[in-house]
Amino acid sequence: MKYQKPPTNNEVYMRNENVYGKRVKTWKEDGYTVVRDQQFTAPGCHNSCGILYYLKDGKVAKVEGDHTHPFNRGKTCMRCLNLPEIMYHPERLKYPMKRVGERGENKWERISWDEAYALVKEKSSQYTKEFGAESIATINGTGRNICIQSSALNYGGFHSPNISLAFLSGSCCYIPRMLAAAKACGARTIIDTAAQHPVGYEHPEFEVPEVIVNWAKNGLACNADGTLGHWIVDLMKQGTKLIVIDPSLTWLASRADVWLRIRPGTDTALALGMANIIIQEGLYDKEFCDLWSYGFEEFAARCAEYPVEKVADICWCPKEKIIEAARLYGKAKPASIEWGLPLDQCKNGMAASHAVHHLRALTGNLDVPGGDLLIRHTNALDSQMNSLIEYVPKEDLENKRLGANVSPFTVGHQGATAQPDAILRAIETGDPYAIKMIVLFGTNPISNMAAEAPRVREALKKVDFVMSLDYYMTPTNIACADLVLPIAMSAERNAASHNFVPLKIESKFTQYYDAKSDDQITAELGHVLDPEGGFKNIKTDIDFVNAYLRQWAEPSEGDLTFDDVVNGPNLGYVYDDWNATYYKYKKGLLRADGQPGFNTPTGRYEFYVTAYAAWGKFDPLPAHEEPPESPYSTPQLFEQYPLIFTAGHRSYEFFHSEGRNQPTMREFHPWPLCELHPDTAAKYGLAEGDWVWMENQRGKCKQKLKLNPSLDLRQCRAEHGWWYPERAGAEPSLYGTFDSNPNNLIPQYQFGPTAYGAPYKTQLCKVYKVTPENDENLTERLIKTGGFSYVREY
């Protein structure tokens, strides 16, 4: 099915020739200076939409979407529209700040950048000399284009083997999905929405998919992992049908041909059950499975263990709907699967990712037009997360990286990092060695991604020196940091982003006080730390971008440069012919030897993952595993905590813990919202708008109730990332960061057998109304008493 270009309103699109005609960089309009650029960080975002900045007196006064931009074609989220409020908020950090009081007192003094860099060099040199470079760890958040910078500074500046996600147990954000894809086929996948083509949908080879499976992802709100939610809507208008797999009736689910309301944590069973139907009914791609795959017979046998009746019982989905979804997907040519974070956020996350990915291969939709595109440069893996890794001795990576003894995945593989749980253990116990210094890149872990959040606050207090790069004083910075460096936002930075397709560069055109970009800080600080090593030719932000573009090689004639990209025909975009090529496995583009096939040990797509078989610790085939705590694995616990508890579903106003200090966003979304089915709420004497305690054996939090009639009666959903900037920042108030934090209920150290995946979305809880008698300032109590009382796991 070919794309049919819809009619355009020429009167609207031609009202200003500069905006809707020629691709020019800047012009004057109605008293504004208008600058055309892309927005990808900061504030946080996983994409890179083209926007028009309207400036007055050198400041951004308003923002609009850029209709000429190939990525978003003028569509813009409310967070971008609110950029002026974010950029010029009175509490935004302006200068480097050094702590002068005790941690938690929120007392700071302004210092210069030279003083800040000298302090970091003094501390890191001291710890490296006394305890080794491994005593320094860098930890990342998500969405603020920091993976190139943080890894370069960690490896090339500090020479430490330890970089990881910020206490996100089991690295359970995107990495399990991408590692599963890499082990199965040697590449990573996004759905083909024509984003890899400069002309987009109108590329002659592109096919509109007959079906998109939206698996565990609310794409319109999160817009993550290489896909803009608007693209799915565009394709729906072209006739694409939807299958949505989600515990809640999202906007997309309400318009789907099939909606499967799955029990959280049972995706592996559902994928295997659908695959079994597709195989049994002969809907699979026999040619692909015969010629290009390894282990199909073994996979088919495993799928046969999941008849639809069994899957329906496991997943709480009607068997008729499972059959309908499997047939609709299996018969569609082409079809694609847009997958999301909940696959990672169960202990069995790697198996779930493998099972879903195998559906793509089973139906012959890998790397076909309108199917699932094989790409490189996926959100920090390979070239990004390993930036300047050659400046860390190999023996340190293999023997000193925290978590290296947990799983072979943590060393020498695409996207390999230290294991977050192992970093927490090292801080708490000194095993296998002490962590003396932590660098926080774009993360507010005690408010956002860290399981057992109060525990992580306690741990960070034990670290001798904590440095943070941020643009506001967050609860984590106040509680734990000794030095906070002010970060530039998108319009204020020269930077490159290689998350998915295409390569993007933004160029600086305004300045906010002394704020600097992550690129500039990394370049300047890296050169201070090691001027003769990886940062020898890197002194500025543009030097840093150019070094990345040439993949850290010595400069040579003909290198692609920052100026080339910014001044090129796409004004900051570079398209990769490799990504845009279909059927790469047939054309010898995946393997190093140039032969047809996949970049795997067998040269074929591996339904049976031979690397797992060789390691001996992991099942080479996916299989369903009950969550550690569930109605079936812990029935007695379920009697006490009779609701399945999930957290982290997305909203339009906020990006994780960002935005709670923005008046406009809080006007739209003033309070944290938990959700129950109306009948469940009535059972516990709760009504819409009540404040509700959610509690289990680890802890509790409170949020305001929103009734959701689409939920299963046995489920409770909560929002994450909440803190209250309207409250006092100093401890014990700490912006109330633990009051509504669902991570109080979620454990550390329950990761999967590969060290990836953790049960963020498969906990149990009970609910009850907040009353004057049981209400409390939870954050204050936890800070004064040292957290919840329970046995901590390792």
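These legends walk through several close-up views of a predicted model. Local features here need pLDDT of at least 70 and side-chain atom pairs count only at pLDDT 80 or more, while totals for chains, interfaces and linings use all residues. Residues are numbered from 1 along each chain as its sequence is written, and side-chain values use heavy atoms, with hydrogens and water left out.

**View 1. Phe409 and its two aromatic partners.** A search of the whole structure turns up 35 aromatic pairs; rings of Phe, Tyr and Trp (its six-membered ring) pair if their centres lie within 6.5 Å, with planes under 30 degrees apart called stacked, over 60 edge-to-face and the rest tilted. One of them joins Phe409 and Tyr612 edge-to-face, at 6.1 Å centre to centre and 85° between the planes. This pair ties together distant parts of the chain, 203 residues apart: Phe409 sits in the loop between helix H17 (394-399) and helix H18 (420-429), and Tyr612 in helix H25 (residues 610-615). Helices (H or I, at least four residues) and strands (E, at least two) are DSSP runs, numbered from the N terminus. How accessible is Phe409? Phe409 has a relative accessible area of 1%, so it counts as buried, whereas Trp615, at 27%, is partly exposed. Buried means under 20% relative accessible area, exposed over 50%, and partly exposed in between (1.4 Å probe, protein chains only).

**View 2. A cluster of rings, and two charges over rings.** Ring pairs link Tyr284, Phe288, Trp292, Phe296, Phe299, Tyr585, Phe598, Tyr605 and Phe607 into a cluster. Elsewhere, look for Lys56 lying over the face of Tyr32, 4.7 Å from the ring centre. Arg110 has its charged end over the ring of Tyr95, 3.5 Å from the centre. A charge sits over a ring if NZ of Lys or CZ of Arg is within 6 Å of the ring centre and within 35 degrees of the ring normal.

**View 3. The buried side of helix H13.** Which residues of helix H13 (residues 296-304) are buried? They are Phe296, Phe299, Ala300, Arg302 and Cys303. They cover an arc of only 160° around the axis, so they lie on the same side of H13; the arc is that of the directions from the helix axis to the C-beta atoms. An α-helix has 3.6 residues a turn, so residues three or four places apart point the same way. The buried residues of H13 pack against helix H11 (267-280), helix H12 (286-292), strand E13 (293-294) and helix H16 (349-362).

**View 4. Strand E18 and its two neighbours.** Strand E18 (residues 483-486) is covered on both faces, with Leu483 and Leu485 buried on one side and Val484 and Pro486 on the other. Strand E5 (residues 97-99) runs antiparallel to E18, joined by two bridges, and Lys98 stands opposite Leu483. Strand E17 (residues 465-470) pairs with E18 in the parallel sense over four bridges; here Asp470 has Pro486 as its bridge partner. Two strands pair if DSSP finds at least two bridges between them.

**View 5. Tyr575 and its contacts.** Tyr575 belongs to the loop between strand E21 (573-574) and helix H24 (577-580). Leaving aside neighbours within four places in sequence, Tyr575 is in contact (heavy atoms within 4.5 Å) with residues including Pro70, His197 and Asn570.
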